[in-house]
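Reader: I would like to learn how to read aromatic pairs and confidence in a model. Where do we start?

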Amino acid sequence: MSDRATVPAPRRLTRWEHRTDVPLLVASLLYLAGYAVRVLLPPHTEPWNDAALAVIGATWFLFALDYGVRLRLSGLGRRFVRVHWLDTLVLLLPPLRPLRVVQLLTRVQLHRERPRLSLYGRVMAYAGTSALVLGFTASLAVYQQERDAPGASIRTFGDAVWWACATLTTVGYGDAVPVTPLGRVIAAALMACGLALLGAVTGSFSSWLVQVFARQQDDTGPPESR
């Protein structure tokens with residue numbers, strides 16, 4: 001009997017993820033760079049547009065290969081699609097693929113025997129990283145949809161970045177708004193993500209403050225005991 005047959009499926013899946021986390025993290029960053037080049041450079045800017053398209057295609061192939069291997073090793077069959085719904089969305093929807101950066105950073109941190117950050121620190125760090133990646137990606141996606149649309153108020157990438165910052169922070173000045181259907185779908189998704197990230201950071205920071213004050217009170221003790 002081979003060693004592969006004696007190793008449980010979850011352990012094989014964990015071993016595969018541990019080995020591929022860093023290469024896939026690099027592939028995610030390359031995808032984000034290629035996507036940025038495709039959006040920001042003028043059309044027919046050779047050879048950069050062709051190179052960016054090749055990078056996007058190659059990284060998507062790596063994502064699809066990883067998804068297929070993980071599906072097979074998980075032993076879940078079709079349930080893998082439902083259990084790992086975020087992986088499925090990231091694979092099928094190109095604008096979401098940069099989210100693999102945050103997802104893989106999380107997995108790399110969890111694989112450490114001694115994480116460098118506390119639980120609260122990890123939550124705030126991941127929320128901040130998610131905000132940066134989502135904001136940059138949404139800026140690219142909205143700029144790509146809006147720049148040539150009639151009556152659009154988002155004409156430059158700077159306008160798109162300003163819009164993404166206002167949307168993620170739930171400020172919503174209203175001076176730059178999407179007018180295309182797909183742009184509004186991206187805006188709605190970014191609003192939901194902004195609320196979730198803001199809640200996660202606020203809740204973690206509040207819990208950390210409560211923990212600090214409780215520890216200080218335990219150290220000092222009640223006045224009559226001193």
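Reader: How is a pair of aromatic rings described?

Author: By the distance of the centres and the angle of the planes. Here, a search of the whole structure finds 5 aromatic pairs. In one of them, the rings of Y67 and F80 have centres 5.3 Å apart and planes at 75°, so this pair is edge-to-face. Y67 belongs to helix α3 and F80 to helix α4, so the pair ties together parts 13 residues apart in sequence.

Reader: Are Y67 and F80 buried or exposed?

Author: Both Y67 and F80 are buried. F136 and F157 also form an edge-to-face pair, 6.1 Å centre to centre with 90° between the planes. That pair links helix α7, which holds F136, to helix α8, which holds F157, 21 residues apart.

Reader: Which residues of α8 are buried?

Author: An α-helix has 3.6 residues a turn, so residues three or four places apart point the same way. In α8, the buried residues are A160, W163, A164, A166, T167 and L168. The helix covers residues 157-168 and reaches 16 Å from its first C-alpha to its last.

Reader: Where should I be careful?

Author: Where pLDDT is low, the predicted coordinates should not be read in detail. In this chain, pLDDT stays under 50 over residues 1-5.

Conventions
Residues are numbered from 1 along each chain as its sequence is written. This is a predicted model: local features need pLDDT of at least 70, side-chain atom pairs count only at pLDDT 80 or more; totals for chains, interfaces and linings use all residues. Side-chain values use heavy atoms; hydrogens and water are left out. Helices (H or I, at least four residues) and strands (E, at least two) are DSSP runs, numbered from the N terminus. The expected span of a helix is 1.5 Å times one less than its number of residues. Buried means under 20% relative accessible area, exposed over 50%, partly exposed in between (1.4 Å probe, protein chains only). pLDDT is the predictor's confidence in each residue, from 0 to 100. Contact means heavy atoms within 4.5 Å. Rings of Phe, Tyr and Trp (its six-membered ring) pair if their centres lie within 6.5 Å; planes under 30 degrees apart count as stacked, over 60 as edge-to-face and the rest as tilted.
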